[in-house]
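I set out to record the strand pairing of this protein and then its overall dimensions. The entries below follow the order in which I looked things up.

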Amino acid sequence: MINIRVLEPAEQPPTDLLLSAAPSQAVVEEQLSKGTCYVAENQEKNVIGVIITVPRSSGTLEVVNIAVDNNEHHQGLGKKIMQYILAQATEEDYQDVCVGTGNSSVGQLAFYQKCGFRITSIDPDFFIRNYDTAIYEHGIQCRDMIILSQALK
């Protein structure tokens, strides 16, 4: 049984897990300061997944960070977390949910599309402008932000 809940203000966020999805402490701190952090816990109340959402203009909720513990990969937890957020966003009358990921993030691009998201735009050189250190995945430099969206209504 997985429980997904809002992280309480007095609780420490699962920083190591968040850093696995955004390799910058400054970026993670900014995400936490602007958004709502949800944690997924197993039966032993261990945090095994996390997601941060930030409201944007005109009825859009943005997923700015989502991560699952390495020991929990490929078991459907990420999809459960995303389904939870999509249901929450629908209840809160958001019109759509968006998420951005790197051009080199092949697994993440597949994951978001499996969750029903569609590529809607590209922000060229986003990662060059916003990160001090070059990021490489699968031998590809992460340069561009691929933005995916899902309409809720």
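I began with strand β3, which eight bridges join to strand β4 (residues 60-68) in an antiparallel arrangement; strands are DSSP runs of E of at least two residues, helices are runs of H or I of at least four, both numbered from the N terminus, and two strands pair if DSSP finds at least two bridges between them.

The model is predicted, with local features requiring pLDDT of at least 70 and side-chain atom pairs pLDDT 80 or more, while totals for chains, interfaces and linings use all residues. Residues are numbered from 1 along each chain as its sequence is written, and side-chain values use heavy atoms, without hydrogens and water.

I looked up I51 and found its bridge partner in β4 to be I66. Three residues lie between the strands in the hairpin of β3 and β4, where S58 takes a positive phi near 50 degrees.

I then turned to strand β2 (residues 36-41), which is joined to β3 by six bridges and also runs antiparallel to it. E41 has V47 of β3 as its bridge partner. This hairpin has five residues between the strands, and K45 has a positive phi near 65 degrees.

I checked the cover of β3 (residues 47-56): seven of its ten residues are buried, that is, under 20% relative accessible area with a 1.4 Å probe, protein chains only. Of the 153 residues of the protein, 39% count as buried.

Finally, I noted five helices and nine strands in the protein. The C-alpha trace spans about 40 × 35 × 30 Å along its principal axes.

Notes:
Buried < 20%, exposed > 50% of the residue type's maximum accessible area, 1.4 Å probe, protein only.
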